[in-house]
Amino acid sequence: MKYTEIAVVGGGPAGLSAAITAAKYGAKVTVIERNDSLGGQLRKQTHKFFGSQKQYASVRGIEIADILESQLREYNDNVEILNGATVLGLYEDGVLTIEMKDRYIKLKPDRIIVATGAYEKFLSFPNNDLPGIYGAGAVQTLMNQYGVKPGRNVLMVGAGNIGLIVSYQLMQAGVNVKAVIDAAPKIGGYLVHASKIRRLGVPILTSYTIKEAHGKDWVEGATICKLDENWQMISGTEIDIDVDIICISVGLTPLADLLWQIGCEMKYIPELGGHVPIRDENLETSKKGIYIAGDVAGIEEASSAMVEGRLAGLCAANSLGYIIEDFEEEKQDLIEQLDSLRAGPTGEKILNGLEKVTKVIAGRYGYVD
Amino acid sequence: MRIDNHPILDFKRGKEIRFIYDGKEMVGYEGDTIASALHAAGVRVLGYHHKTGRARGFYCAIGNCSSCLMTVNGKPNVRVCVEELKEGMVVETQRGKGELK
């Protein structure tokens, strides 16, 4: 059995920020990351970030990954990084089990920060299992991390920010985007992203859905169809599109399996992408000593994931008794940063969701004494 | 299909890595996963569903969904989207649930 003070599950923007902050205040931190590299989904984000300077506005995601990694390595004495390590389970006694390069490891931390992120939702339609139907994020990984084109002609299903951004990045990689469709009557993502791809001549069809994919062993085409105001397909409006790739970009959902397993109180909050844990303002869940940060706490953007990471790292280190002179001030600053990131129409939805799961948790129990 | 020109990214291909895919010799590059090397070579079908026999490719590319399971060096159910490509690997299309030998 290995021992650590704070285990951070996930080395993406939230996990790295949590680890940096906790290590800065003196805590011994172990970061567990299933990939061989750190940075999570930042590694494929070639676009520049919004927000303010504190969240690296106008810096590209790929560069933010390098910045966070080098910050973490400044605290080498306090930090252990397990790469290529997948957490398998989180048990009642607070033991994490890990598979790392074909070895089985048991780790007993005093505190755990779960920053596992999210996974891409799927959509049901005939032939939706054909190879060539990929998550939009998957295509982003293939192109921007490995330099491989997914195919020649793409249908993008979903006009949220990921759908719009990945459409633009497909064109940057030299791939033809035939159309972006969305079942909703209006574009879900920022109009600045939508305008960019419209200017390049890509149609964005709202109130359209995919009726079916065609092909035997892989995608050879798709049929899309218009929806009426009750979201029902209008027959006779079908259009066949000649594509070899269909990207699904219909949202993300929190990757919360470990929280379920340890018995955190969970609630279904559509505004946050699915089931998320109840938490207090320190980002501690209903299980004592288990903190959350980033998309697993509710789907948002990497900017807020980084701030949440810092908040969870700060509070976890504080709860271990590390002396943080300006703790209340630091905490307030982070909470204010989150508030300002959540200002505006998109933030309103998130705030509505958060209101339902953020509360003072009394009589917490868990494995921590 | 590799990306040759990109306005933001500069892909420095590492050294060539040779591997065997269903008995054929193939080439990828250092830094590839098995899935990225296969996809670049035009291989999309990675396995067949154990009940329906329908073709399977990857879906998430980050190790979540288990749609990309293949047999690698005799070991079944390897998520090839997150498995680093190594010299001399023997990669096979998986049919069925796979067997540990």
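## How to read the model

Residues are numbered from 1 along each chain as its sequence is written, while chains are lettered from A and ligands numbered from 1 in the order in which they are written. As the model is predicted, local features need pLDDT of at least 70 and side-chain atom pairs count only at pLDDT 80 or more, whereas totals for chains, interfaces and linings use all residues.

Let's start with α1 of chain A, residues 13-24 (helices are DSSP runs of H or I, at least four residues, and strands are runs of E, at least two, numbered from the N terminus). Its twelve residues should span 16 Å, and the end C-alpha atoms are 16 Å apart, which agrees. The expected span is 1.5 Å times one less than the number of residues.

Is α1(A) covered or open? Twelve of its twelve residues are buried, meaning that 20 or more other C-beta atoms, placed from the backbone, lie within 10 Å of each one's own. Among them are Leu16(A), Ile20(A) and Lys24(A). The cover includes β1, β2 and α7 of chain A. After α1(A) comes Gly26(A), with a positive phi near 105 degrees.

## A three-stranded sheet

Now meet an open sheet of chain A, ordered β12-β13-β14 with antiparallel pairing; two strands pair if DSSP finds at least two bridges between them. β12 (208-214) and β14 (239-241) of chain A each have a single partner strand, so one side of each has no neighbour in the sheet.

Three bridges join β13 (residues 221-226) of chain A to β14(A), and Ile224(A) stands opposite Ile239(A) in β14(A).

How values were computed
Two residues are in contact if their C-beta atoms, placed from the backbone, lie within 7 Å.
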